[in-house]
Amino acid sequence: MQSATFVFLAVVLVVAAQAAPQLQVRPPVPVIARSEVQDEAGQFSLTYTTADGTQVTKQGVLKPNADGTDNVLVEYGSYRYTSPEGQIVQVEYTADADGFHPKSPSIPIAPVAAPAVFV
C-alpha cells in the first residue's frame with residue numbers, strides 16, 4: 001500500500017511540474033552607448049542606451065542633510081523604454097532622503113477620497 005501511495009504522489013508531482021508555467025529567459029540586451037563620471041566625494045553622472053532603445057540618465061549630487069551635519073546623495077534621473085504593448089514609457093524621478101519620487105503620464109494617479117461625513 002505504501003509503494004502505491006508513493007508512486008501516485010510521484011506521478012502527481014511530475015504532472016504538476018509539467019503543467020506549471022515555464023520561465024522564459026530572454027537573452028541580455030547589449031549596451032550600445034555608455035558614459036559615466038564620478039568624483040572623489042561619490043557624486044556621479046551616468047547615461048546609457050541599449051540596443052532595444054532603452055535610455056537611462058541619472059546624476060547623484062551631495063546635498064546637506066536637514067540639520068546640516070552631513071550630506072545626503074540625491075539622485076535625479078530619467079529612464080525610457082518600450083512596454084510589451086509597444087508604448088513608449090518615460091519616467092523622470094528624484095530619489096532623496098524622503099524616498100523615490102517618480103513622475104510620468106504612464107503612472108496612474110489614485111483618485112482623491114471624498115471627505116468623511118460624520119452624522
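A residue is taken as buried at under 20% relative accessible area and as exposed at over 50%, with partly exposed covering the range in between. In the predicted model examined here, this scale applies to the residues of the salt bridges described below.

The structure contains two salt bridges. In one of them, arginine 34 is joined to glutamate 36, with 2.4 Å between the closest N and O atoms. Glutamate 36 has a relative accessibility of 48% and therefore counts as partly exposed. Arginine 34, by contrast, is exposed, its relative accessible area being 54%.

Lysine 58 and glutamate 75 also form a salt bridge, in which the closest N and O atoms are 4.0 Å apart. Because lysine 58 belongs to strand 3 (residues 55-64) and glutamate 75 to strand 4 (residues 71-82), this pair ties together parts separated by 17 residues in sequence. A relative accessible area of 23% places lysine 58 in the partly exposed class.

With regard to the sheet, six strands are arranged in the order 1-2-3-4-5-6, forming an open sheet with antiparallel pairing. Strand 1 (31-38) and strand 6 (99-103) are the edge strands, each of which pairs on one side only. From one strand to the next, the twist averages 10 degrees. Strand 1 runs antiparallel to strand 2 (residues 44-50), and the two are joined by seven bridges. Within this pairing, phenylalanine 44 of strand 2 stands opposite glutamine 38.

Definitions and conventions. Residues are numbered from 1 along each chain as its sequence is written. This is a predicted model: local features need pLDDT of at least 70, side-chain atom pairs count only at pLDDT 80 or more; totals for chains, interfaces and linings use all residues. Side-chain values use heavy atoms; hydrogens and water are left out. Two strands pair if DSSP finds at least two bridges between them. Helices (H or I, at least four residues) and strands (E, at least two) are DSSP runs, numbered from the N terminus. Axes are lines fitted to C-alpha atoms, for helices over the stretch in contact, and angles run from 0 to 180 degrees between N-to-C directions. A salt bridge is a side-chain nitrogen of Lys or Arg within 4 Å of a carboxyl oxygen of Asp or Glu. Buried means under 20% relative accessible area, exposed over 50%, partly exposed in between (1.4 Å probe, protein chains only).
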